[in-house]
Amino acid sequence: MSKKILLCGGGNAIHVLTSLIGSRPDCDVSIFSTFPGEADRIRDAIPEEGIQCVNDLGEDKYGKPVKVSDKAEEVVPGSDIIILAIPSFTHELYLRAVAPFVKPGVIIGAMPGEGGFDCCARHVLGADFVNQSNLFALETLPWACRILEYGKKVEVLGTKKEIDVVVTEGKNASAESVLELLQTLIGRLPVLKPACNFLAVTLMNINSVWHPTISYSFYRNWDGQPFDEPPLFYYGADEYTGEKLAKVSDEVLNIRAKIQEKYPDLDLSSLHHVRDWMLMSYGDDIGDKTSIYTMLTTNKGYRGLTHPTQPIETADGTTKHMPNFKYRYFSEDIPMGLCVTRGIAELAGVPTPNMDDVIIWCQSVMGKEYLVDGKFVGKDIAGTRSPQAYGFFELDEFLRANNYV
Ligand code: NAD
């Protein structure tokens, strides 16, 4: 019997997944999007042969959904696997929409998960439901991908070599069998490696370290003037950036050490320093492996990528570029990223002066308040996926309620 796979969203990643999974004869793919007008737009655009995915591995695919809808009741019932491949600030919205129609024991997860996905799912779907299901999260999206023609063609610019995936045991399926199934669905690459648990994935969230810290380090010298061209993100980094990334990453590892002091059996071994993560993820794509700074500025995969900006017209009629602090490097990687880690640090009693520098600058450009006088008590905490947002103010209670120990 065909597996029923539900894809939530309608952006770049959903185009790739529709093509990959829809090309399989043993799967029925449906798309669920609550974004206004998106379901109709995709349905109307998809040609008879399906969405084409052109791929850096030279393994092009065509795949088509059996249904596309903005109504959960039309696509959710009967789904065996539900995949959220959407920006993390929409996870809760989609989880709430599917909740009345999901069957117990469903396989449900996010790619990427970003920090605290499991806490969010537990909060929305309920602990009993989550404990029966296989909940999964990929540490990052398997691909760098862009839609070339909406509903018709998507390009995978780069496929990661391997990524960590966390899967919980469910009442119907083992974590191991779900990992195998996910590997079958996405194809031979990247290789999906089992991560220890959701806490390790949350703390390992590379985007939450990378994007805010690189932005903070770059803008520390900015004079407020518009740029002639969008500045380079990774290739524009300097020695300071590399050192700041190392210090923030050291603080994350201090959290690991502190938690493991109290809970030596809690396995957080898949949590790595950003230096090691770079080497594992990009390997020979890196020209100079001397330091984080040289790795950032000689990684083939990062060439040409720029800081998020928006164009502005100047008085003399030329187009210049101002920073876009509403971009996901801020809107996702702070509330669902660095704030989650910072909240856990607060529970563990680990000082994080470098992380705090980054959050304080980011919250100021975002117009938010998370840290006040060095304490994680700002008025916008409820909009994060930190433990504090879900009412946890004590480490043991947080770890137990979320099944980490
Ligand atoms: P995307 O920006 O293309 O996805 C946007 C989609 O999210 C929309 O099409 C819609 O379906 C949904 N959405 C957004 N706001 C919504 C709202 N208010 N209500 C309902 N639906 C809404 O994202 P993507 O490129 O497909 O990436 C998915 C995730 O993977 C993101 O978290 C992104 O940060 C991450 N990621 C993407 C890439 C990449 O190369 N595309 C690489 C690494 C990580």
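The model is predicted, with local features needing pLDDT of at least 70 and side-chain atom pairs counting only at pLDDT 80 or more, while totals for chains, interfaces and linings use all residues. Residues are numbered from 1 along each chain as its sequence is written, and side-chain values use heavy atoms, with hydrogens and water left out. Strands (E, at least two residues) and helices (H or I, at least four) are DSSP runs numbered from the N terminus.

β6 pairs with strand β1 (residues 3-8) in the parallel sense over four bridges; pairing requires that DSSP finds at least two bridges between two strands. Leucine 7 stands opposite isoleucine 83 of β6. Strand β7 (residues 107-110) also pairs with β6 in the parallel sense, over four bridges, and isoleucine 108 in β7 is the bridge partner of isoleucine 82.

Helix α7 (residues 175-186) has 12 residues and reaches 17 Å from its first C-alpha to its last, close to the expected 16 Å (1.5 Å times one less than the number of residues). Its buried residues are Ala175, Val178, Leu179, Leu182, Gln183, Leu185 and Ile186. Seen down the axis of α7, these fall within an arc of 160°, so they line one face of the helix; the arc is that of the directions from the helix axis to the C-beta atoms. Glu176 and Glu180, on the other side of α7, are exposed.

How values were computed: Buried means under 20% relative accessible area, exposed over 50%, partly exposed in between (1.4 Å probe, protein chains only).
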